[in-house]
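I'll jot down what I looked up, in the order I got curious.

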Amino acid sequence: MSGKLIVHLRTHRTKAGLTQADLAAAIGVSRKTINTIENGVFTPSTYLALSLADELECSVHDLFALPED
Amino acid sequence: MSTNPVSRARLIGSAAIVIATLAAVAAALLSIGPSGLTWAAIIGGIAISYAIFTFVISLRHPDAADAAWDEQNSHAYRNSIIFGFWSVMTVFLIFLALSLTNRMDPAMAFYWLGPVLGAVPSAYYLVAILRGHAE
């Protein structure tokens, strides 16, 4: 398994009118965690990915995508 | 610096341990200042104070503690412990060789392993914070 995860979190977060701090507080993580996920530095667990999707009222597939071969 | 009080306490505590350890190593190399045992006590005292302070802050701010120990920070912490293990193993082998060749007092080697064990994970975590991989 290789390749960097494609992340659309920032787009969905700004569309929802939330700051990184707002989203972090809503799901109980640090702002830095949201920041590093958005920048592709940190790959979240399934649980955290589902929590993000739930908070932003979209699917996990809207937030993350596998790189094309 | 983070606005999370638990993260802030962790950053300050980690930095204090690393600075004290570096000062102790520098003093030992230059043969100045207090004895190695005194330095070990200073570093140990800082580490214990940091642990107690973090514990109290975490009790007072439980939501901040949860956020400060979220999965990214826990991941960085786990990596710091793994790095600490291999660092201590390496230092132990170096101290063992020095002790067996009568270049280091075995008792002093034993006392110095404590600060190494405490400071290396803190140093790793500090670097993770500075690189933006933890808070």
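**Entry 1: two residues to begin with**

I picked B:N79 and found that B:N79 is partly exposed, because 16 other C-beta atoms lie within 10 Å. My cut-offs: a residue is buried with 20 or more other C-beta atoms within 10 Å of its own, exposed with 12 or fewer, and partly exposed in between, with C-beta atoms placed from the backbone. B:N79 sits in helix α4 of chain B. I also checked B:N79 against B:I46: they are 33 residues apart along the chain, and their C-alpha atoms are separated by 22 Å.

A note on what I'm reading: this is a predicted model, where local features need pLDDT of at least 70 and side-chain atom pairs count only at pLDDT 80 or more, while totals for chains, interfaces and linings use all residues. Residues are numbered from 1 along each chain as its sequence is written, and chains are lettered from A and ligands numbered from 1 in the order in which they are written.

Next I looked up B:S122, in helix α5 of chain B. Is B:S122 buried or exposed? B:S122 counts as buried, because it has 23 C-beta neighbours inside 10 Å. Leaving aside neighbours within four places in sequence, B:S122 is in contact with B:S14, B:I17 and B:V18; contact here means C-beta atoms, placed from the backbone, within 7 Å. B:S122 and B:G13 are 109 residues apart in sequence, yet 8.4 Å apart C-alpha to C-alpha.

**Entry 2: the cores**

I went looking for nonpolar cores, meaning sets of buried Ala, Val, Leu, Ile, Met, Phe, Trp, Tyr and Cys residues joined through C-beta atoms within 7 Å. The largest has 21 residues, and B:I17, B:I43 and B:A119 are among those with the most contacts inside it. α1 (5–30), α2 (36–60) and α5 (106–130) of chain B each give two or more residues to this core, and α5(B) gives the most, with nine. Helices are DSSP runs of H or I of at least four residues and strands are runs of E of at least two, numbered from the N terminus. Apart from this core I found another, of 16 residues, including A:L23, A:I34 and B:A68.

Then I checked α2(B). Its buried residues are B:W39, B:A40, B:I43, B:I46, B:A47 and B:Y50, and they pack against α1 and α5 of chain B.

How many helices and strands does chain A have? I noted five helices and two strands, in the order β-α-α-α-α-α-β. Its C-alpha atoms fill a box of roughly 35 × 20 × 20 Å along the principal axes, and 25% of its 69 residues count as buried.

The contact between the chains takes 13 residues from chain B and eleven from chain A. On the chain B side, α3 (62–68) and α4 (71–100) each supply at least two residues.

**Entry 3: confidence**

Chain B has a mean pLDDT of 90, with 100% of its residues at 70 or more; pLDDT is the predictor's confidence in each residue, from 0 to 100. Among the elements of chain B, α4(B) has the highest mean pLDDT (94) and α5(B) the lowest (88).

How values were computed: Two residues are in contact if their C-beta atoms, placed from the backbone, lie within 7 Å.
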